Amino acid sequence: MREFELVLPCYNEAKSLQFLLERAVSAAQEAGYSPEQFQLILVENGSKDNSKEVLSQLEQGKLAPWFRKVLVPQNLGYGFGVFQGLKNTQARLIGWSHADQQCDPKDAFTALERLKKSGLSKVLVKGVRSGRNWKDKWVTHVFETLAFLILGVKVKELNAQPKIFPRELLEEMVAPPKTFAFDLYVLYCAAKQKYKIETIPVLFPPRVHGVSNWASNFLSRYQTIWGMVKYMFHLSRTQGRV
């Protein structure tokens, strides 16, 4: 059994996949890991570009031992894609990050080491971002405040990556949302199970390719924010506060 597996949900990231994989493998090697100890789970989350073809080519290359793919035929949401990847993990320690090059794969290994050094069986380590614009910071602050008021979850930067934790936490994810509320749900499950949530600082530079699926325009931003608020009330009503 591998020690660590990292899920990366990929949607229309064909231009980034090879560089992303090379970067992640370099980070793993720098941290002292081999393909027998660590593997990437690349989730092809119903992309409309040629991501499938790119992944097939990468499977024939020298980096093939470092990853395996999970194919999602239709994009049903960010959370659905991440959860399909997590369900396909086998390692003792697992987690996920983003595949858009805003998240450095090295951060996942920094979080992993923090988790291992904690010496606790119930720890989740996540990122706290810097380098963001004031609009995104404001939205994040609103989410944090509402999550505490509605659910009792007190965590900085709900949607910051990576998130690394013992695989046992996956058993608590009974009915995860398919949307961007997935991050909130996992933190909620961790809080209910008395996990200690630790953070590491991470940089969050501008995207290299593509656009944000949730903040590409005012409408998408509004729909995401309103959807998160509705989900918080739903979770509070159906499963209660922490």
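Which residues have the most contacts inside the largest nonpolar core? In this predicted model, they are Leu 86, Trp 96, Leu 169, Met 173 and Phe 182, and the core as a whole has 39 residues. Several elements contribute to this core: the strands β2 (38-45), β3 (67-72) and β4 (93-96), together with the helices α3 (78-87), α5 (134-151), α6 (182-192) and α7 (218-239), each provide at least two of its residues. With eight residues, α6 gives the most. Apart from this core lies another one, made of 34 residues, among them Phe 4, Phe 67, Leu 115 and Val 125.

Once neighbours within four places in sequence are set aside, Leu 169 is in contact with Leu 124, Val 186, Cys 189, Ala 190 and Tyr 195.

Strand β1 (residues 4-10) runs parallel to β4, and four bridges join the two. Strand β6 (residues 163-166) also pairs with β4 over four bridges, but in the antiparallel sense. Trp 96 can be followed through both pairings: Val 7 stands opposite Trp 96, and Trp 96 also stands opposite Lys 163 in β6.

Note on methods
Residues numbered from 1 in each chain as written. Predicted model: local features only at pLDDT ≥ 70, side-chain atom pairs only at ≥ 80, totals over all residues. Heavy atoms only, no water. Core = buried A, V, L, I, M, F, W, Y, C linked by side-chain atoms within 4.5 Å. Buried < 20%, exposed > 50% of the residue type's maximum accessible area, 1.4 Å probe, protein only. Contact = heavy atoms within 4.5 Å. Pairing = 2+ DSSP bridges.
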